[in-house]
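Dear colleague,

Please find below the structure that I am handing over to you. My findings follow directly after it, and I would ask you to read them with the model open.

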Amino acid sequence: LALDNAVKISGVKGTVAKIAADQLIWSPPLTLGFFSWQHYWSGQPLGEAVDSATDKLWPTLKYNWTVWPAIHVVTFSMVPLEYRLLWINCANLCWNAFLSSMANDK
């Protein structure tokens with residue numbers, strides 16, 4: 001919803017701009033934060049948790065960039081605005097299960 005307000009371009013160019021903004025601005029810090037939080041609350045010291053998160057960041061982002069652009073093409077081109085939050089929450093449920101699996105992978 002925030003991307004719809006931030007990116008005022010319509011059509012295919014707008015969809016591409018929204019996907020790029022989501023994947024390049026939001027995904028890296030949120031993924032790093034997720035892994036850091038998971039490792040820290042699993043008992044690792046903060047510095048070690050951030051190091052572990054950094055090690056997992058690039059492989060996870062590469063996979064993220066194969067999954068989420070397709071989800072967002074559907075989001076921004078087919079899902080009505082009033083249903084986008086539900087759609088994204090369903091996709092995030094599956095994605096968070098994947099991230100939890102990655103966080104626990106040694």
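In what follows, two residues are said to be in contact when they have heavy atoms within 4.5 Å. Please bear in mind throughout that this is a predicted model.

I begin with the confidence of the prediction. The protein chain has a mean pLDDT of 91, and 98% of its residues reach 70 or more. Among the elements of the chain, the highest mean pLDDT, 94, belongs to helix H3 (residues 46–77), whereas helix H1 (residues 2–6) has the lowest, 75.

The next point concerns Ser36, which is placed in helix H2. Is Ser36 buried or exposed? Its relative accessible area is 12%, so Ser36 is buried, the limit for that term being under 20%. Leaving aside residues up to four places away in sequence, Ser36 touches Ala49, Val50 and Ala53.

Asn64, a residue of helix H3, is likewise described as buried, because its relative accessibility is 3%. With residues up to four places away in sequence again not counted, Asn64 touches Gln23, Ser27, Pro69 and Trp95. Asn64 and Leu99 are 35 residues apart along the chain, and 9.9 Å separates their C-alpha atoms.

Helix H2 (residues 11–41) packs with helix H4 (residues 81–104) at an angle of about 55°, and their axes are 10 Å apart. H2 is therefore oblique to H4. The crossing of these two helices, H2 and H4, is right-handed. On the H2 side, the residues that meet H4 are Phe34, Phe35, Gln38 and His39, and their counterparts in H4 are Leu99, Ser100, Met102 and Ala103.

Finally, I turn to the cysteines. How many disulfides does the structure hold? The number is zero. Cys90 takes part in no disulfide, and the nearest cysteine sulfur to its own, that of Cys94, is 7.8 Å away. For Cys94, in turn, the nearest cysteine sulfur is that of Cys90. With a relative accessible area of 44%, Cys90 is partly exposed, whereas Cys94, at 57%, is exposed.

Yours sincerely,
A colleague

Note on methods:
Residues numbered from 1 in each chain as written. Predicted model: local features only at pLDDT ≥ 70, side-chain atom pairs only at ≥ 80, totals over all residues. Heavy atoms only, no water. Disulfide = S-S within 2.5 Å. Buried < 20%, exposed > 50% of the residue type's maximum accessible area, 1.4 Å probe, protein only. pLDDT = per-residue confidence, 0-100. Helix = DSSP H or I, 4+ residues; strand = E, 2+ residues; numbered from the N terminus. Axes fitted to C-alpha atoms, helices over the stretch in contact; angles between N-to-C directions. Parallel < 35°, antiparallel > 145°, perpendicular 65-115°, else oblique. Left-handed = near helix turned anticlockwise from the far one by under 90°.
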